[in-house]
Amino acid sequence: MTLYDFLMLKEQVQTATLVIKGEHIATLNNGATKYMLFALEGIFVEYEVEQWTNKIVSRSIFCSGTQLDKYVKITARSI
């Protein structure tokens with residue numbers, strides 16, 4: 001699936017596809033919010049989730065770049 005194909009899906013279908021076919025990469029806890037990174041065939045999706053209500057505050061979709069930097073530090077420590 002390409003990034004374009006993924007973006008053409010409805011948001012609910014994107015989320016379902018991530019849950020079924022994707023992989024949870026990392027979670028960063030930032031006090032009031034947590035960031036959850038998922039990967040699907042070279043596409044990365046980051047959800048910002050409000051800690052107390054467990055509601056999604058924002059979502060970022062990308063293939064690479066500086067958005068991944070904060071997760072590289074986390075996964076490097078766990079290796």
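Two salt bridges are present in this structure, where a salt bridge is a side-chain nitrogen of Lys or Arg within 4 Å of a carboxyl oxygen of Asp or Glu. The model is a predicted one, in which local features need pLDDT of at least 70 and side-chain atom pairs count only at pLDDT 80 or more, while totals for chains, interfaces and linings use all residues. Residues are numbered from 1 along each chain as its sequence is written, and side-chain values use heavy atoms, with hydrogens and water left out.

Let me take the pairs in turn. Arg 59 pairs with Glu 11, and their closest N and O atoms are 4.0 Å apart. Arg 59 belongs to strand S4 (residues 56-62) and Glu 11 to helix H2 (residues 11-21), so this bridge ties together parts that are 48 residues apart in sequence. Helices here are DSSP runs of H or I with at least four residues, strands are runs of E with at least two, and both are numbered from the N terminus. Arg 59 is partly exposed, at 29% relative accessibility. By that scale, buried means under 20% relative accessible area, exposed means over 50%, and partly exposed lies in between, with a 1.4 Å probe and protein chains only.

The other bridge joins Glu 46 and Lys 70, at 3.0 Å from N to O. Glu 46 sits in strand S3 (residues 43-50) and Lys 70 in helix H3 (residues 69-78), so the pair links parts that are 24 residues apart in sequence. Glu 46 is buried, at a relative accessible area of 10%, whereas Lys 70 is partly exposed at 35%.

Apart from neighbours within four places in sequence, the contacts of Glu 48 include Thr 33, Tyr 35, Lys 55 and Val 57, a contact being heavy atoms within 4.5 Å.

I turn now to the fold as a whole. The protein has three helices and four strands, arranged along the sequence as α-α-β-β-β-β-α. Its radius of gyration is 13 Å, close to the 12 Å that the globule rule gives for 79 residues, so the protein is as compact as a globular protein of that length. That radius is taken over C-alpha atoms, and the rule is 2.2 Å times the number of residues to the power 0.38. Along the principal axes, the C-alpha atoms fill a box of roughly 35 × 30 × 20 Å. Of the 79 residues, 28% count as buried. Among contacts between residues at least 6 apart in sequence, 27% join residues at least 24 apart.

Finally, the surface. Glu 41 lies in the loop between strands S2 (33-40) and S3 and is exposed, at 53% relative accessibility. The C-alpha atoms of Glu 41 and Met 1 are 6.6 Å apart in space, although the two are 40 residues apart in sequence. Met 8, in helix H1 (residues 3-8), is exposed with a relative accessible area of 53%.
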